[in-house]
Amino acid sequence: GNEAFGGARYEEATLLYTEALIQNPRSAAAYANRGLALLKLKKWAEAEEDCSAALLLDRAHAKALLRRAEARTHLRDWEGASADLASVLELEPKHLTARAQLVAVTEAAREARNRRRTAPELKRETASVRTVARDSGNDAFVASVSAVEYTAKGYAAADADAAALGAGAAA
C-alpha cells in the first residue's frame with residue numbers, strides 16, 4: 001500500500017490497505033493509511049470512517065487524528081475537526097501543522113456562523129389565482145392549490161387566500 005501511495009496510485013493503495021486489513025483487522029496504521037489514500041481520492045466520509053476505526057484501536061494515533069480532522073473539515077464538521085486538532089495538540093503540544101489547522105478551522109467555523117446570521121432573507125412572494133373558470137368537477141382542487149407562498153424554506157399554502165377562493169368557487 002505504501003509503495004502505491006508513494007506513486008500517487010491512490011485507488012490501488014486503498015485496495016492494498018484493504019487487503020492488509022483483511023490479514024490484520026486490528027491494525028490502526030492500516031486504517032489510518034487507507035484513510036489518507038481516501039482523502040487523496042476526496043472520499044471525505046469514508047476517510048473519516050477509517051480514521052475513526054484507527055482511533056478505536058489506538059486513541060493516541062496522532063496521524064489518524066490529523067487525517068480525520070482534514071476529512072471533517074471537508075465535511076464542514078467544524079466542531080469535530082477542532083476536537084481532533086485539540087487532541088493532537090494534547091498529544092504533541094509543539095505540532096505546528098495541527099496548531100495552524102486549528103486556527104484555520106476556527107476561522108472557517110466563525111465565517112460559517114456569520115454567513116448563517118447575515119444571509120439575506122429571501123423576499124416572500126405570494127402567487128394567487130384570483131379568477132377561476134367555473135369547473136364544478138375541479139373546484140375543490142383549484143381552491144386547495146390556489147395560493148402558494150414562496151419562502152427560503154420552500155412553499156406553503158396560504159390558507160386565507162385558498163379559503164377565500166374556495167368560498168368564491170362554491171358560490
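These questions and answers walk through a predicted model of one protein.

Me: How many helices and strands does the protein have?
Reply: Read along the sequence, the pattern is α-α-α-α-α-α-α-β-α-β-β-α. The totals are 9 helices and 3 strands.

Me: What share of the residues of the protein count as buried?
Reply: Buried means under 20% relative accessible area. The protein has 171 residues, and the share that counts as buried is 33%.

Me: Among contacts between residues at least 6 apart in sequence, what share join residues at least 24 apart?
Reply: A contact means heavy atoms within 4.5 Å. Take the contacts between residues at least 6 apart in sequence; the share joining residues at least 24 apart is 41%.

Me: How far apart are the end C-alpha atoms of helix H4?
Reply: Helix H4 covers residues 44-57, which is 14 residues. At 1.5 Å a residue, H4 should span 20 Å. The model agrees, because the end C-alpha atoms of H4 are 20 Å apart.

Me: Which helices are included in what covers the buried residues of H4?
Reply: The buried residues of H4 are Ala47, Glu48, Asp50, Cys51, Ala53, Ala54 and Leu55. Their cover includes helix H3 (28-40) and helix H5 (62-74).

Me: Is H3 roughly parallel or roughly antiparallel to H4?
Reply: The axes of H3 and H4 come within 8 Å and cross at roughly 165°. Angles over 145 degrees count as roughly antiparallel. Therefore H3 is, relative to H4, roughly antiparallel.

Me: Is the crossing of H3 and H4 left-handed or right-handed?
Reply: Residues of H3, including Ala28, Tyr31 and Leu38, meet residues of H4, including Trp44, Ala47 and Leu57. The crossing of these two helices, H3 and H4, is left-handed.

Me: Which residues touch the most other members of the largest nonpolar core?
Reply: This core has 21 residues. H3, H4, H5, helix H6 (78-91) and helix H7 (96-118) each give two or more of them. H6 gives the most, with 5 residues. The members that touch the most others are Ala54, Leu85 and Ala98.

Me: How many residues are in the second, separate core?
Reply: This core includes Ala4, Phe5, Leu36 and Leu38. Its size is 10 residues.

Me: Which residues does Ala54 touch, not counting residues up to four places away in sequence?
Reply: Ala54 is one of the buried residues of H4. Leaving out residues up to four places away in sequence, Ala54 touches Ala28, Tyr31, Ala32 and Ala64.

Me: Is Ala98 buried or exposed?
Reply: Ala98 lies in helix H7. Beyond four places in sequence, Ala98 touches Leu66, Leu85, Val88 and Leu89. The relative accessible area of Ala98 is 0%, so Ala98 is buried.

Me: How far apart in space are Ala98 and Ser82, C-alpha to C-alpha?
Reply: In sequence, Ala98 and Ser82 are 16 residues apart. In space, C-alpha to C-alpha, their separation is 9.6 Å.

Me: What is the relative accessible area of Ala8?
Reply: Ala8 sits in the loop between helix H1 (2-6) and helix H2 (10-23). Phi of Ala8 is near 60°, a positive value in a residue other than glycine. Ala8 is partly exposed, with a relative accessible area of 46%.

Me: Is Arg76 buried or exposed?
Reply: Arg76 is in the loop between H5 and H6. Phi of Arg76 is positive, near 65°, although the residue is not glycine. Exposed means over 50% relative accessible area. Arg76 has 60% relative accessibility, so Arg76 counts as exposed.

Methods
Residues numbered from 1 in each chain as written. Predicted model: local features only at pLDDT ≥ 70, side-chain atom pairs only at ≥ 80, totals over all residues. Heavy atoms only, no water. Helix = DSSP H or I, 4+ residues; strand = E, 2+ residues; numbered from the N terminus. Expected span 1.5 Å × (residues − 1). Buried < 20%, exposed > 50% of the residue type's maximum accessible area, 1.4 Å probe, protein only. Core = buried A, V, L, I, M, F, W, Y, C linked by side-chain atoms within 4.5 Å. Axes fitted to C-alpha atoms, helices over the stretch in contact; angles between N-to-C directions. Parallel < 35°, antiparallel > 145°, perpendicular 65-115°, else oblique. Left-handed = near helix turned anticlockwise from the far one by under 90°.
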